[in-house]
Amino acid sequence: MKNMSFTNRLQLQQILPLLVLFVLVSCQSKPDFTDREQNFDSGWKFKLGDASGAETATFDDSQWRQLDLPHDWSIEDLPTAEGKNKIGPFSEDSEGKGATGNVMGGTGWYRKTFTLDKSSAGKKVQILFDGVYMNSEVWINGQSLGVHPYGYTPFYYDLTPYLNPSGEKNTLAVKVNNHGKNSRWYSGSGIYRHVDLIVTEKIHLPVWGIFVTTPEVSAEKALVKLNIKVINDTKAKGKLEITTHLISPKGQLKTEAKTTVRPFEDQSLDTEQIFELVNPELWSIDSPTLYQAVTEVSFDGKVVDQQSTTFGIRSIEFSAEKGFLLNGENVLLKGGCLHHDNGPLGAATIDRAEERRVELMKKFGFNAIRTSHNPPSRQFLDACDRLGVLVLDESFDQWQRPKNPQDYNLYFDEWHQRDLEAMVLRDRNHPSVIIWSIGNEINERADSSGLEITKKLSTIIKNIDHSRPVTAALCAFWDQKGKTWEYAQPALELLDVAGYNYLWGEYENDHKIAPERMMIGTESFPKEAFENWQIVEKHPFVLGDFVWTSMDYLGESGIGNALLNKDKKVVFAPGWPWYNAYCGDIDICGFKKPQSYYRDVVWKISNLEMAVHAPVPAGLIENVSLWGWPDEQQNWNWTGNEGQKLQVNVYSNYTEIRLELNGKVIGTKPVSAETKLTATFEVPYEAGELKAIALKDGKEVETKILKTTGKPAKIRLTADRSEIKTDRNDLSYVTVEITDDTGNLVPDANLPVQFTVEGAGELAAVENGNPKDMKSFRQPLVNSFKGKCLIILRPTGVSGEIKLKAESVGFGGSELVVTTK
């Protein structure tokens, strides 16, 4: 098990009881299929830059760097260059500039030498890549297997014809090209997702060959349908038996079905099995229970393949009259758009990092994620399944017309069908996925060519999966002057659910035009959270709202800015040294930002929150971008501004707010929908205690307090988990807080923090959330930002203790131990 990924181990732990169960229900001896899919991440060689002849088996890679996948070279430190702006991974030479986070792409080579044992002789061997960015070509023993341009879809190759005999070495080589302006955000570079080696008999279940649906669902009964494909790569004829056992979330055998084909002599077979379950455990947001379908294939009495498919029993319904129903109950989609990067880890799909992002979404009130603007990793969707978060699964950011010269438009005509099919085939068994998206803000969205492409892409999806609706995110015609929203109506009519970017003002008008149309806010501005949610709550035909964005991401640098200038002038992107978008409710570390507190009140997660606007120097004006938020803070430390009036916003679902400073009443104000749930006060600064008091019928019902803290005196370390696995795909996220003597966070402390990591782990990354503090993510030094920063610890693969020490100038350090098992 030492080479298994974090996710594969979780899956194996679920399946092991099932294997024991099969021994009990079958008297015949059966082969072990636990190594059917082998994690292939470890032991790769890597070279940044081109290398002539590196595809050949005899090439000397002894001087290349050794590493484990997933790997993203764009997040790694660059060599310094005299006369150049280079900081950590950031460079002024970046082709994508601020759009891609000011990082570098280039060419990279990966090689891996491996030997198959005798048990693999005569079997089919395939290699599955979940994602390589971008323009990859793969060779086995010098033989090219093919190219794959798109950086976000999975692909696989058959190695069998080109493998050396069992016991002899084989060499896999992968060339990756990430050149030119090809992305509007940080993409990362390299084999940044997992790789699996799949070893099967010649008669086998193909990759993504099982499709599970639940066409009828109630609390009393559910129908589960499996569509199963079997491939026959031999000329043999014989008796084929396909047996599937359904296993409950508690590991109990619930039912089974058997399909017999005699004789089986075709190259492939598609068959269907239907199960009826009594009193099923339904998958939902609050109770994301998962079943296993264990499918076994035998030929002439010999078991030749076995595969376990995870699925959830749930129903989804969409209508303009009732909205979105999950298991018959109305759910308003509290959505967030989310890019694929893991912040300071770059695009690398480390399983725990993927899981943590989903955890953060759910923790901070989101129940739905739009995977902007590409398919996510398999591990991300696995986490959504386990944690109960709904997914709008998106495919493309462009079709035939470019947004950048070297983007996917170059490959769309040739590759769109293969890429879209790969996304749907891989993701269709995830109960979390409820909607497919075929594109985002496509330039030709409403032109005649775009209408034809919309029909074609929808048909491709429906030919594979007709159980989910299709959408696309449409925006106003800011990119095509002279066209009004009326021009979009034919495009909207082609979609099962119409996606609207920043167009909540069109919902009611469009409902009059098309009463049966279902709408969804596929993107919205943070500052319009109230308006968007009001209309979602008002009209069932508006299914939900997805803010841009739920979490900060690398690239689109600084679009969420709030800048001080002498003139009223909003800047789209402020340029160097900004490197992250800073438009998220949650920052790149996973810490709440001010707009998240307001959204808590809008979504009724909280009924009372308070924020203080930072002082604005005389003669300057704050200009907030479309995706930005005013410089508010949960902070009453404003030394040097005594007597200056500060703006205090109190957000509340109560009808009246009283504000007090050091026991003195500042004022009392009403709060309502007319004030967008906001009471605004001007407060002369004075150190002490600022208290917001919510009143109901004149009585105090809730309070929110901000206090002036003492000076920085201590460091507090808090690990999200103090015990982790030895697996390289596990992580421990440690929050670092600067506190005063009594343990209060000092929210204006911006101090350097030095780290030492020893023992069974290593420093994976540091970060502080400051969008313009360019730095190395790999060095053990980072400045705190608003009193906090983050260090991520990664196990080295052995059991033991990871010892972390954090120190800062002027006061004592702090230590923490994370155990690896």
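I located Glu-354 and Arg-357 in helix 2 (residues 351-363), where they lie 3 residues apart, about one turn of the helix. The model I am reading is a predicted one. I find that the two side chains meet in a salt bridge, at 2.9 Å from N to O. I looked up their accessibility: Glu-354 is buried at 2%, and Arg-357 is buried at 6%.

I next examined Arg-36, which forms a salt bridge with Glu-37, with the closest N and O atoms 3.6 Å apart. Arg-36 is buried, at a relative accessible area of 7%, whereas Glu-37 is partly exposed at 30%.

I then turned to Glu-723 and Lys-821, whose salt bridge has its closest N and O atoms 3.5 Å apart. Glu-723 belongs to strand 43 (residues 723-724) and Lys-821 to the segment after strand 50 (811-820), so this pair ties together parts 98 residues apart in sequence. I noted Glu-723 as partly exposed at 45% and Lys-821 as exposed at 58%.

I recorded a network of salt bridges linking Arg-352, Glu-355, Glu-359, Arg-386 and Asp-720. For the structure, I noted a count of 53 salt bridges.

Finally, I inspected an open sheet of 4 strands, ordered 17-16-19-20 with antiparallel pairing. Strand 17 (253-264) and strand 20 (302-311) each have a single partner strand, so one side of each lacks a neighbour in the sheet. Neighbouring strands of this sheet are turned by 15° against each other on average, direction ignored. I traced the antiparallel pairing of strand 16 (residues 238-247) with strand 17 over 9 bridges. Within it, I found His-245 opposite Glu-256 of strand 17.

Definitions and conventions:
Residues numbered from 1 in each chain as written. Predicted model: local features only at pLDDT ≥ 70, side-chain atom pairs only at ≥ 80, totals over all residues. Heavy atoms only, no water. Pairing = 2+ DSSP bridges. Helix = DSSP H or I, 4+ residues; strand = E, 2+ residues; numbered from the N terminus. Axes fitted to C-alpha atoms, helices over the stretch in contact; angles between N-to-C directions. Salt bridge = Lys/Arg side-chain N within 4 Å of Asp/Glu carboxyl O. Buried < 20%, exposed > 50% of the residue type's maximum accessible area, 1.4 Å probe, protein only.
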